[in-house]
Amino acid sequence: MTVKTFKVIDHTADVGIIAYGNNIKEVFSHAALALFSLITKTTDIEVQIQHDVAITSTNVESLLVEWLNELIYLFDVEHLLLCRFDIKAISDTQLTATCYGETIDILKHRIKTGVKAATYHMLQIERDGHGYKAQVIFDI
Amino acid sequence: MTQWHGQIVKIDDFHWKIPQDYKSGMRVPGLIYATEEMLEAIRREQALEQVVNVAFLPGILKFSFAMPDIHWGYGFPIGGVAAMDATSGVISPGGVGYDINCGIRLLRTNLVESEVRPKIQQLVDELFRNIPSGLGSEGKMKVSSSEMEKLVAEGSRWAIKHGFGSNEDLDVTEERGCMTEANPDKLSERAIKRGMSQAGTLGSGNHFLEVQMVREIFDPQAASAMGINQIGQILVLIHTGSRGFGHQVCTDALRVMERAVLNYDIKLPDRQLACAPIESREGKDYLETMACAANYAWVNRQCITHWTRESFSRVFGKSHDKLGMKQVYDVAHNIAKAEYHLVEGKRIKVYVHRKGATRAFPPGHKDIPQRYQKIGQPVLIPGDMGRCSFIAVGTQKAMEESFGSTCHGAGRILSRSAAKRSLTGREVLRALHERNITIKTGSISSLAEEASQAYRDVAKVIDVAQQVGISKKVALTIPVAVIKG
């Protein structure tokens with residue numbers, strides 16, 4: 001049983017994450033949590049609203065990048081801070097999920113880092129023991 | 001980080017070459033501008049492998065270049081320059097980056113240090129209040145989606161039409177603040193939406209507005225052409241780009257390029273280098289949307305220029321004209337441009353990717369303003385917020401050697417988290433105060449990420465560019481006050 005959810009890794013100009021999970025659904029969910037942990041303290045995010053997401057891509061790595069970029073878009077445009085990600089269905093090329101969180105409140109949430117995008121650089125999803133791990137570098 | 005153990009050959013004290021046979025698939029050698037000491041630091045990360053990877057791109061000419069501020073990026077190294085043959089080459093959004101037309105604008109004033117110091121806090125508060133900055137900052141301008149289309153098609157001209165400056169500003173902006181290839185029809189709805197709320201904002205991260213003073217003048221004739229005449233003279237440096245709009249344009253393009261790489265059977269060592277032939281539909285679409293983002297960034301810097309002038313005018317009780325607040329120049333340092341260069345004795349059209357590199361056109365070049373014809377194009381090189389910045393000019397040597405390009409800044413040496421581990425925002429604040437630098441920021445904790453220690457000394461970077469001859473120093477400036485998002 002994997003207990004690790006994610007860790008943040010150093011990259012000179014940017015920042016990376018490694019997300020862990022017992023299955024691909026968990027990896028995607030933990031990668032999303034890792035993304036929001038770069039932006040703010042995720043324990044300060046309350047579940048007030050939910051938002052459905054559907055992504056289509058060409059392969060599982062690109063699907064991960066597009067999933068994270070979708071969430072960055074939601075933060076940038078809709079000002080959503082998300083902390084729980086229920087991946088309903090996932091294949092190598094498609095994902096549907098419901099995300100939970102709230103709209104940013106500048107009095108309550110301290111924003112740590114702006115994230116421009118998830119990149120394809122050093123992008124990796126691989127088996128890790130009984131589970132999986134995924135590495136993503138963000139441009140910040 | 002893993003040390004880079006690849007093969008490198010010394011050409012002279014400032015030129016280092018990665019031979020083309022270092023890796024099968026390289027189409028040209030790599031060329032790095034650095035001192036031996038700098039090279040040792042550069043080898044501590046994988047930036048040089050990225051120089052190698054860029055050399056794989058179809059149509060690349062002469063070299064995969066690394067400017068002396070090279071550091072590890074994603075896909076291209078930051079400080080990377082690659083020129084592609086316009087007919088047989090590719091265009092790579094990763095060679096421009098997410099912050100399309102991130103760039104620098106310099107304003108001069110008639111003010112001197114002794115006039116500004118007593119009012120510095122008031123000035124900084126006024127600038128901070130007047131210029132939207134910080135994460136998720138929204139503009140003061142409400143731009144509708146139909147207006148966005150005009151804004152990105154017209155660039156700086158749009159801003160001038162709406163009262164944010166004068167035609168004189170256009171004369172001293174790279175491309176006169178508008179890349180005419182811009183085609184708003186090619187933009188995604190998302191890009192438009194992301195751009196609507198962020199026009200006219202400084203942003204966060206390494207973006208800033210700095211009130212500076214002239215510390216040293218190396219070339220009085222060139223300085224004078226820029227309206228820089230004395231030690232202690234106050235200048236303003238603005239560093240920002242195309243914000244979320246540019247990020248979305250790049251994100252959208254990379255999705256298309258991922259597929260294009262398969263369609264055109266292009267073999268790449270890093271997916272972030274995804275590209276398409278310049279002549280292909282995908283290539284043209286990218287160039288047309290990239291131009292939209294470039295124009296957006298120029299509007300952004302133009303609006304910030306206007307609010308800077310307004311703020312100075314309020315604090316000093318004089319019109320900005322009386323304060324002599326003319327724009328010196330505006331350069332893009334994340335961009336791809338169609339240019340003509342001499343390659344093996346023939347003048348050909350190329351697309352130059354500058355990813356963290358500055359155009360450095362020589363005296364007499366038709367694309368630089370009349371007033372700089374004798375001195376060459378101004379090149380604006382910011383350092384970190386605690387040390388100094390440089391004003392330089394482009395040279396004939398840059399034209400002959402580096403496709404008219406030179407460095408763009410200090411170059412990061414510590415990752416953001418490593419910088420945060422080694423010092424706190426408060427310590428950085430104290431260090432700045434000790435150097436008599438006033439700072440106003442939305443986030444004190446992120447200050448540590450931008451501390452001097454996180455960057456290479458820009459003086460060493462600019463000296464390499466000077467020794468190589470790809471740019472020539474004009475003046476050195478130091479910060480008086482810094483505004484950060």
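Me: Which pattern does chain A follow along the sequence?
Reply: Reading along the sequence of this predicted model, you get β-β-α-β-α-β-β-β-β-β for chain A. Helices (H or I, at least four residues) and strands (E, at least two) are DSSP runs, numbered from the N terminus.

Me: And how many helices and strands is that in chain A?
Reply: Chain A has 2 helices and 8 strands.

Me: What about the radius of gyration of chain A?
Reply: Chain A has 14 Å, which agrees with the value near 14 Å for a compact globule, given its 140 residues. That radius is taken over C-alpha atoms, and the globule rule is 2.2 Å times the number of residues to the power 0.38.

Me: Switching to contacts: what share in chain A is between residues 24 or more positions apart?
Reply: They account for 63% of the contacts with a separation of 6 or more. Two residues are in contact if their C-beta atoms, placed from the backbone, lie within 7 Å.

Me: How many residues do chain A and chain B put into their contact?
Reply: Chain A gives 27 residues and chain B gives 33 residues.

Me: Which element gives the most on the chain A side?
Reply: H2(A) does, with 6 residues. Strand E1 (6–10), helix H2 (60–78) and strand E8 (131–139) of chain A are the elements giving two or more residues to that side.

Terms used: Residues are numbered from 1 along each chain as its sequence is written. Chains are lettered from A and ligands numbered from 1 in the order in which they are written. This is a predicted model: local features need pLDDT of at least 70, side-chain atom pairs count only at pLDDT 80 or more; totals for chains, interfaces and linings use all residues.
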